[in-house]
Amino acid sequence: MAPDWARALAPATQELHRLAGLLEEERRSGFTVLPAPGNILRAFSRPLAEVKVLLIGQDPYPTPGHAVGLSFSVDRGVRPLPRSLNNIYKELAADLDIPPSPHGDLSAWADQGVLLLNRVMTVRAGNAGSHRRRGWEQITELAVRAVAARRGPDGGHAPLVAVLWGNDARSIVPLLDGIPRIESAHPSPLSASRGFFGSRPFSRVNDLLAEQGAQPVDWRLDAIR
């Protein structure tokens with residue numbers, strides 16, 4: 001965890017320890033908890049100060065081998081890609097004419113200040129939504145508040161755009177304190193055709209960042225930097 005994230009999340013230390021105990025109980029009971037322990041807090045490994053896009057997911061992929069601690073991302077070797085990620089790539093191609101990447105590793109976005117944060121940070125393998133209302137929501141609420149509370153040199157909000165796909169993500173709107181946001185349906189196959197496709201989130205994020213004087217995101221995952 002980056003030092004500034006550790007400071008921001010310090011009020012939740014006791015809750016994090018409690019959650020760690022609950023997860024260990026699940027493992028002892030024979031359940032597989034995703035992602036792997038070393039990746040659960042991976043979204044906080046890059047500095048809080050560098051965050052300029054907040055992209056909220058629901059909970060980790062419940063398929064073993066898929067969850068890596070960054071919302072919507074998987075390891076480079078995972079095939080086939082999750083269907084929601086395929087839909088994200090389709091919209092990226094339609095929006096910015098960026099061909100779909102052959103892999104699902106979104107860490108290049110995280111390296112540019114895109115916080116890929118799941119609202120709930122763990123899941124029981126094969127059981128989507130199984131760790132909701134266990135306490136993760138309080139942790140991620142604290143994280144969102146920390147991102148939204150940052151101030152720039154002029155005393156206003158530090159540059160930030162929130163991307164909210166689906167109802168779980170939209171639940172954080174009251175925490176955003178007027179931060180510019182882009183909302184649509186979730187990219188899941190169940191809902192992508194009801195407002196995600198055609199929403200052009202990637203170009204809109206960059207436009208909103210430019211309005212705030214921030215560098216745009218290079219959404220290409222395979223670009224030579």
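# Exercises on side-chain pairs

E50 has a relative accessible area of 41% and therefore counts as partly exposed. The model behind this and the other values is predicted.

**Exercise 1.** Find the salt-bridge partner of E50 and classify how accessible that partner is.

Solution. Step one: the side chain of E50 meets that of R46 in a salt bridge, with 3.3 Å from N to O. Step two: R46 has a relative accessible area of 34%, so R46 is partly exposed.

**Exercise 2.** Determine which parts of the chain are linked by the salt bridge between R151 and D177.

Solution. The closest N and O atoms of R151 and D177 are 3.7 Å apart. R151 sits in the loop between helix 5 and strand 5, while D177 sits in the loop between helix 6 (167-170) and strand 6 (181-184), so the pair links distant parts of the chain, 26 residues apart. R151 is partly exposed at 44% relative accessibility, and D177 is partly exposed at 48%. Elsewhere, shared partners join the salt bridges of E26, R124 and R134 into one network. The count for the structure comes to 13 salt bridges.

**Exercise 3.** Classify the ring pair of F72 and W165, and say which elements the pair ties together.

Solution. The structure holds eight aromatic pairs. In the pair of F72 and W165, the ring centres are 5.5 Å apart and the planes stand at 70°; planes over 60 degrees apart count as edge-to-face, so this pair is edge-to-face. F72 lies in the loop between strand 2 (53-57) and helix 3 (83-96), and W165 lies in strand 5 (residues 161-165), so parts 93 residues apart in sequence are tied together. F72 is buried, with 8% relative accessibility, and W165 is buried at 2%.

**Exercise 4.** Identify the ring that lies under the charged end of R124.

Solution. The ring is that of F31, and the charged end of R124 sits over it, 3.6 Å from the ring centre.

**Exercise 5.** Describe the surroundings of R119.

Solution. R119 is in the loop between strand 3 (114-118) and strand 4 (123-124). Its relative accessibility is 12%, under the 20% cut-off, so R119 counts as buried. Apart from neighbours within four places in sequence, the residues in contact with R119 include I56, G57, Q58, W136, E137, T140 and E141. D168, S171 and I172 are also among its contacts. L19, 100 residues away along the chain, has its C-alpha atom 14 Å from that of R119.

Conventions: Residues are numbered from 1 along each chain as its sequence is written. This is a predicted model: local features need pLDDT of at least 70, side-chain atom pairs count only at pLDDT 80 or more; totals for chains, interfaces and linings use all residues. Side-chain values use heavy atoms; hydrogens and water are left out. Rings of Phe, Tyr and Trp (its six-membered ring) pair if their centres lie within 6.5 Å; planes under 30 degrees apart count as stacked, over 60 as edge-to-face and the rest as tilted. Helices (H or I, at least four residues) and strands (E, at least two) are DSSP runs, numbered from the N terminus. Buried means under 20% relative accessible area, exposed over 50%, partly exposed in between (1.4 Å probe, protein chains only). A charge sits over a ring if NZ of Lys or CZ of Arg is within 6 Å of the ring centre and within 35 degrees of the ring normal. A salt bridge is a side-chain nitrogen of Lys or Arg within 4 Å of a carboxyl oxygen of Asp or Glu. Contact means heavy atoms within 4.5 Å.
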